[in-house]
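This briefing goes through one protein model, beginning with a turn residue and then moving to the sheet and to confidence. The structure comes before the notes.

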Amino acid sequence: MSTANQSSRAKSKATVVDADLPRCPECGSTDRTDYNDCNTIEFEGVHERFGSYSHIVLRRTRCKQCDRARVDRFYEMRRAR
Ligand SMILES: [Zn+2]
């Protein structure tokens with residue numbers, strides 16, 4: 001588990017968006033910068049649209065239209081059955 005400390009509040013806050021339809025929560029644009037950070041969480045579950053997954057991957061990006069930071073969330077099955 002990660003610990004959040006309050007000094008991170010000064011950084012731009014990012015909204016998490018499900019990545020089947022990643023778009024800016026601010027202006028609705030799908031135009032984004034390249035993903036510059038990747039955070040993989042081992043977490044098994046079943047998503048109602050993506051099906052079963054073994055990992056959740058968070059990728060940080062930024063809207064090209066309004067510069068709003070956000071995190072696109074991917075559900076990936078990486079386990080061979
Ligand atoms: Zn935007």
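Asp-67 counts as exposed because 12 other C-beta atoms lie within 10 Å of its own, and exposed means 12 or fewer. Asp-67 is placed in the loop between S3 and S4. The model is a predicted one, with a mean pLDDT of 86 for the protein.

- Asp-67 has a positive phi of about 70 degrees, although it is not a glycine.
- Most residues other than glycine have a negative phi.
- Is Cys-66 buried or exposed? Cys-66 is exposed, because it has 12 other C-beta atoms within 10 Å and the limit for exposed is 12 or fewer.
- With residues up to four places away in sequence not counted, Cys-66 touches Cys-24, Glu-26 and Cys-27.
- Cys-66 and Arg-32 are 34 residues apart in sequence, and their C-alpha atoms are 9.8 Å apart in space.

**Strands and sheet order**

- The protein has four strands and zero helices, giving the pattern β-β-β-β along the sequence.
- The four strands make an open sheet in the order S1-S4-S3-S2, and the pairing is mixed.
- S1 and S2 (37-47) stand at the edges with a single partner strand each, so one side of each has no neighbour in the sheet.
- From one strand to the next, the twist averages 30 degrees.
- Strands of a sheet pair through backbone hydrogen bonds, either parallel or antiparallel.

**Pairing, strand by strand**

- S1 pairs with S4 (residues 69-76) in the parallel sense, over four bridges.
- Within S4, Arg-73 is the bridge partner of Asp-18.
- S3 pairs with S4 in the antiparallel sense, over eight bridges.
- Val-57 stands opposite Phe-74 in S4, and Arg-59 stands opposite Asp-72 in S4.
- S2 and S3 run antiparallel and are joined by nine bridges.
- Thr-40 stands opposite Val-57 in S3.
- A hairpin through three residues joins S2 to S3.

**Strand S2 and Asp-37**

- How many of the 11 residues of S2 are buried? The number is zero, so S2 lies largely in the open.
- Asp-37 has its place in strand S2.
- Asp-37 counts as exposed because it has 10 C-beta neighbours inside 10 Å, within the limit of 12 or fewer.
- Leaving aside neighbours within four places in sequence, Asp-37 is in contact with Arg-59 and Arg-60.
- Arg-59, one of these contacts of Asp-37, is the residue that stands opposite Asp-72 in S4.
- Asp-37 and Val-71 are 34 residues apart in sequence and 9.3 Å apart in space, C-alpha to C-alpha.

**Burial and contacts overall**

- What share of the 81 residues in the protein is buried? Buried residues make up 7% of them.
- Of the contacts between residues at least 6 apart in sequence, 57% join residues at least 24 apart.

**Confidence**

- A pLDDT of 70 or more is reached by 84% of the residues.
- Which elements have the lowest and the highest mean pLDDT? Strand S1 (residues 15-18) has the lowest, at 89, and strand S3 (residues 51-62) the highest, at 96.
- Over residues 4-10, pLDDT stays under 50, and the model has zero contacts there beyond four places in sequence.

Conventions
Residues are numbered from 1 along each chain as its sequence is written. This is a predicted model: local features need pLDDT of at least 70, side-chain atom pairs count only at pLDDT 80 or more; totals for chains, interfaces and linings use all residues. pLDDT is the predictor's confidence in each residue, from 0 to 100. Helices (H or I, at least four residues) and strands (E, at least two) are DSSP runs, numbered from the N terminus. Two residues are in contact if their C-beta atoms, placed from the backbone, lie within 7 Å. Two strands pair if DSSP finds at least two bridges between them. A residue is buried if 20 or more other C-beta atoms lie within 10 Å of its own, exposed if 12 or fewer, and partly exposed in between; C-beta atoms are placed from the backbone. Axes are lines fitted to C-alpha atoms, for helices over the stretch in contact, and angles run from 0 to 180 degrees between N-to-C directions.
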